[in-house]
Amino acid sequence: MENYDALFDRQPMQAEQPFDRDAWAQQKREQRQELYELIEEMSDKTLADPAALSDYLNMHAKLGKTSVANTLLIVAQKPDATFIANFDDWQKRERSVKRGEKGALVLEANGEYERPDGTMGVNFDVKRVFDISQTYGKPVRERQNPPIKAALKAITTNAPVPIKLSEEVNQSVAAIYNEKDKTVYVAKGVEGNELFFALSRELARAHSGKDTFVCDCAANIACLRYGVPAKYCDRIPDEISSLESREKRSALNIVRDAACEITERVDRNLFAERQKQRNQPER
C-alpha cells in the first residue's frame, strides 16, 4: 500500500500575521470619527424636527442616565431599543447575545489627556452594546409604572424647592415656579397626570433656569419614564432649531441634567416607599 505521509510533510508553513498596532489604532480613530459625525448629525436633527425630538425623549426616558451623545447614537442605530448593555454586563445578568446579532456602537470615557493649549480633554473608546431583544437567558424584571398618586408623592418628597398650594394659580397652568421666592406654586384640584407634568416642568425650571421649551422636554422625559402621558411639541422654536449642532447638544445636556435631577429623586423615593411597605408587619 502506497504511503501518502510525505504529502503532509511538504505542506507550507502558515506564517502568523503579526499584530499591526498602528493599523488597529487607525481603525479605532476612524470609528470614533464616524461616531462623532453621527452625533453631530443627530444633534442637529433632534432639535430641528419635532418627530425626531419625540424619538429622542422616548429613548432618554428608557435609558435613564445615559449620556446625550450615546442616547443620540442609540436612536440612530437601534431606535426600538428598550434596555441596553454591553456583552459582559449581559453575561453578569445571566443572558447571552444571540448569534449573528449586530450591536450598536457607543462611546465610553477612558481617562483624560492634556491638549497642546494646556486644557484637558477626555479620551473615548468605542464600545458595542446590545438591546435586551438581542439577548436570551434569565428573565429581567421589567419596570412597573407606579400609580399616579405614588408618582406625585415621590416627585414632591424632598424636592429641591418648596411646593405649595395657591389660590392664585390657574388650573390651566397647574403649577408655576416663582423665581423671587424660589417656590413652586400649585393650583388646587388639578388632575393627576396634568399635575405630574406641570410639577416636572416647573421643577426643571427651578433646576435649570431655562425657558419653557427646555423645561417641557425635561418634563416629558419624566412623564414617559413613569407612564404619564407626554405632551410632545408640534413646533421647535426658531431660536433652538437655528442653533449650531454643538449648541444643540449643549441644550440637550441641560434637558438631561434637569430630567435626571427629577427622575433620580423620584426613583429613590419610590424605592424607599416600597421598602417601607415591605417592612410593615402584616395585620
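Predicted model: local features only at pLDDT ≥ 70, side-chain atom pairs only at ≥ 80, totals over all residues.

Q: Which residues touch the most other members of the largest nonpolar core?
A: A nonpolar core is a set of buried Ala, Val, Leu, Ile, Met, Phe, Trp, Tyr and Cys residues joined through side-chain atoms within 4.5 Å. Buried means under 20% relative accessible area, exposed over 50%, and partly exposed in between, with a 1.4 Å probe and protein chains only. Here the largest core has 64 residues, of which Ile74, Val184, Phe196 and Phe213 touch the most other members. Helix H8 (residues 212–225) gives the most to this core, namely 9 residues.

Q: What does phenylalanine 213 touch?
A: Contact means heavy atoms within 4.5 Å. Leaving aside residues up to four places away in sequence, phenylalanine 213 touches Leu47, Leu53, Cys233, Ile236, Pro237 and Ile240.

Q: How do H8 and helix H10 cross?
A: Helices (H or I, at least four residues) and strands (E, at least two) are DSSP runs, numbered from the N terminus. Axes are lines fitted to C-alpha atoms, for helices over the stretch in contact, and angles run from 0 to 180 degrees between N-to-C directions. The axes of H8 and H10 (residues 245–279) come within 8 Å and cross at roughly 35°. Among the residues that meet there are Val214 and Cys217 in H8, and Ile254 and Val255 in H10.

Q: In what order do the strands of the open sheet lie?
A: Strands of a sheet pair through backbone hydrogen bonds, either parallel or antiparallel. Two strands pair if DSSP finds at least two bridges between them. In this open sheet of 3 strands the order is E1-E4-E3, with antiparallel pairing. Strand E1 (84–86) and strand E3 (104–114) are at the edges with a single partner strand each, so one side of each has no neighbour in the sheet. E3 is joined to strand E4 (residues 120–131) by 9 bridges, and leucine 107 stands opposite valine 126 in E4.

Q: Which helix lies across these strands?
A: Helix H4 (residues 68–77) lies across E1, E3 and E4, running at about 155° to E3.

Technical notes:
Residues numbered from 1 in each chain as written. Heavy atoms only, no water.
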